Structures are given as C-alpha cells and as structure tokens.
Amino acid sequence: MPRRIAIVEDEAAIRHNYQDALRIQGYQVAGYADRQSALSAFHSRLPDMIIIDVGLGDDVEGGFELCRELRSRSRTLPIMFLTARDSDLDVISGLRLGADDYLTKDISLPHLMARIVALFRRVEMLSGEQTSGTWLERGKLRLSIERMEVMWDSQPVPLTVTELWIVHSLARRLGHVRSRQQLMDDASILVDDQTITSHVKRIRRKFNSLDDSFDKLDTVYGAGYRWKTPG
Ligand code: CA
C-alpha cells in the first residue's frame, strides 16, 4: 500500500508541484485548497502524513487552526508545515501547535523528500519495535515505544512522535548529555538547532503542566540536553 500524503495549500501551482513530485516518488497524494475541504476529506480517514501551508487564502492562519484540530484528533499523525522563507514566527507557532517538522517553500525537491522520508522513518521505528512490549522506566517516567505512550507519575503526557523520540533518546541514557546533533540523528530530524530547542521547550511545558516541579530535562549549556537521574 502506498503511503498517503495530503497537502493543504491554497496556491494551485505550488500544490500541484508538490503533488507531482510526491507521486513520482510513489506516494498517493491528495491536495486541498482550504481547511474545510481538507477537514471533510479527513472526516472518515486521516492520511499517513499531512503537509500544511500556514496561510490558506483569506484564512490567514487557517493552517495553524487545521493543525490544532488534527492534533486534537491524533497525537501521532505526522504533520509538517510549509512556511515562507525566514518566517521564524510561523515555524515557532507551528511547532508549538504540535507540528513535527516544517519545510520552507524554497526547499529543493531532494531535500523535501529527505525530510518526508525521515519523518516516516520516525513513525516506522516506533511501530517496528512492537514486539518488545517493554516500558522504559526512569523514576516517575514510564515510556512505551510500542504504545507510543509516555507517563509521568501515572499521568499520560501527550507527546508527538518527534517529542517521544527525543525523550526516549535522552531517558535511555540517563545522565548522559546528548548533543542537538545526536538528538537529531536519534529522531531522524534534519533541522536546525533552533527547532530542537523549540521541541525541547514544548516537551518541558507538557511535563510541567502535569507537575510544576518537573525538572528532569536539563539543558547543558553549549553541549546539549540530558535526562537527570532520579532522586
Ligand atoms: Ca498560502
């Protein structure tokens, strides 16, 4: 079964461009020009990945709204944003809403494919470990790759696929510093340092909203991050 990718982009030329490029790579692609048509198409079945433009015609932040709605339906649906070049605000807002990655509109096609393949690989790695069935336990943290679940003090932490990989990568090697590059490698993310920083901030915020004394995810200045030993 080919993987199904949906693109939500109001500019027909850009949309068709991406659709063609992805089809050539063997993906099954559907394009939508606005939030409503995308939502009604996803009503019965979600795609395997969705690429969303921020501005959808008159709906200037329609992409963000769509991301929020889809994320509330599925914590693990891979979501990528399309942003104009140098639009840092879009990137930060998109990641805050739970997107896994973003693409700038001037991205080259090989680079675009690499990002998509990497995000699919992240999802595959999760489902590929289904036989293990074990929980990684670190003090109040319990993490199951199999179930795509993270618990803190017996409460579920709603992490996305990308965030789950980052926590897994850190918690597996308790007390060891992982550099941003190592985290990117572990989670198959091909992004800049700033994006990793945003992901980490959002992970911390999610744990903090369950437990305001949460302090396990440590920033080691100039080196990276580590998951502190319990106690
Ligand atoms: Ca647009």
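Which residues form one aromatic cluster? Trp 152, Phe 207, Phe 214 and Trp 227 do. The model is a predicted one, in which local features need pLDDT of at least 70 and side-chain atom pairs count only at pLDDT 80 or more, while totals for chains, interfaces and linings use all residues. Residues are numbered from 1 along each chain as its sequence is written, and side-chain values use heavy atoms, with hydrogens and water left out.

**Aromatic pairs**

Rings of Phe, Tyr and Trp (for Trp, the six-membered ring) pair if their centres lie within 6.5 Å, and planes under 30 degrees apart count as stacked, over 60 as edge-to-face and the rest as tilted.

| Pair | Centre to centre | Angle between planes | Class |
|---|---|---|---|
| Tyr 32 and Phe 42 | 5.4 Å | 80° | edge-to-face |
| Phe 214 and Trp 227 | 5.7 Å | 55° | tilted |

Tyr 32 lies in strand E2 (residues 28–32) and Phe 42 in helix H2 (residues 35–42), so this pair ties together parts that are ten residues apart in sequence; helices (H or I, at least four residues) and strands (E, at least two) are DSSP runs, numbered from the N terminus. Both Tyr 32 and Phe 42 are buried, a term that stands for under 20% relative accessible area, with exposed over 50% and partly exposed in between (1.4 Å probe, protein chains only). Phe 214 and Trp 227 are likewise buried.

**Calcium site**

The calcium ion has as its protein donors Asp 10 (OD), Asp 53 (OD) and Gly 55 (O), at 2.0 to 2.4 Å, where donors are N, O and S atoms within 2.8 Å of the metal (3.2 Å for Na, K and Ca), and water is not among the atoms, so sites may look incomplete. Because Asp 10 lies in the loop between strand E1 (4–8) and helix H1 (12–24) whereas Asp 53 lies in strand E3 (residues 49–53), the pair ties together parts that are 43 residues apart in sequence. Asp 10 is partly exposed, with a relative accessible area of 27%, whereas Asp 53 is buried at 5%.

**Sheet**

E1 and E3 run parallel and are joined by four bridges; Ile 5 has Met 49 in E3 as its bridge partner.

Technical notes:
Two strands pair if DSSP finds at least two bridges between them.
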